[in-house]
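Please open the model in your viewer and keep the selection panel at hand. The tour moves from one selection to the next.

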Amino acid sequence: MGLLLRWVVAFILLAATFNPTEWNYTTWAMTHYADQLPMAVLLGLLLTIGYIIYLRATLRSIGGFGMFLVLAVIAALIWVLYDYKMLDLHNPTMNTWIALLALSIVLGIGLSWSHIRRMLSGQYDIDDVDE
C-alpha cells in the first residue's frame with residue numbers, strides 16, 4: 001500500500017504542476033501572476049519542496065541510470081501498446097497524461113526503492129550516519 005500511496009502523491013505533484021486541463025499551477029500562475037503574486041510564489045515554493053523531496057530520494061536510491069532504465073521500460077511498454085494498436089499516440093492530451101504517468105512511476109519507484117528491495121531480497125537498507 002505504501003508504494004501505491006507514494007506513486008499517487010508523485011502523480012498528484014506532477015499533475016498539480018502541469019496537465020492538459022485548466023486546473024494546474026502553471027496555467028493558473030500565468031493567468032493570475034500579476035494580481036496574486038504572493039500566492040503564486042507560495043504555491044510554487046511548496047511544489048518545489050515536493051520535487052526536491054522526490055528527486056533527491058529518487059537520485060539517492062536508484063540514481064540517474066536507474067531513472068533512465070525505469071523510463072526506458074515504460075517507453076518500451078508504450079511502444080508495445082502502440083504497436084498492438086492498444087494505444088493511440090496522435091492525441092496530444094493523451095500523450096501529456098501518459099508522460100505524467102510515466103514520470104510519476106519513476107518518482108514513485110525511486111521514493112519506494114528501499115521497500116521494493118526489501119520485499120525482493122528480504123534485506124533492509126541502512127544509511128551510514130556519521131555521529
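Begin by selecting tyrosine 25 and tryptophan 28, which both lie in helix α2 (residues 25–32), 3 residues apart, about one turn of the helix; helices here are DSSP runs of H or I with at least four residues, numbered from the N terminus. This is a predicted model, in which local features need pLDDT of at least 70 and side-chain atom pairs count only at pLDDT 80 or more, while totals for chains, interfaces and linings use all residues. Residues are numbered from 1 along each chain as its sequence is written, and side-chain values use heavy atoms, with hydrogens and water left out.

Tryptophan 28 is partly exposed, at 22% relative accessibility (buried is under 20% relative accessible area, exposed over 50%, partly exposed in between, with a 1.4 Å probe and protein chains only).

Next, select threonine 17, which is placed in helix α1 (residues 2–17) and is buried, with a relative accessible area of 18%. A polar atom of its side chain lies 2.9 Å from the backbone oxygen of leucine 13. Leaving aside neighbours within four places in sequence, threonine 17 is in contact (heavy atoms within 4.5 Å) with Asn24, Tyr25, Thr26, Leu47 and Tyr51.

Finally, select helix α4 (residues 63–83) and helix α5 (residues 92–121), which pack at an angle of about 145 degrees with their axes 10 Å apart; axes are lines fitted to C-alpha atoms over the stretch in contact, and angles run from 0 to 180 degrees between N-to-C directions. Here Met67, Val70, Leu71, Ile74 and Ile78 in α4 meet Ile98, Ala102, Leu103, Ile105, Val106 and Ile109 in α5.

Methods. Helix = DSSP H or I, 4+ residues; strand = E, 2+ residues; numbered from the N terminus. Polar contact = N/O pair within 3.5 Å; in protein donor to acceptor, adjacent residues only side chain to side chain.
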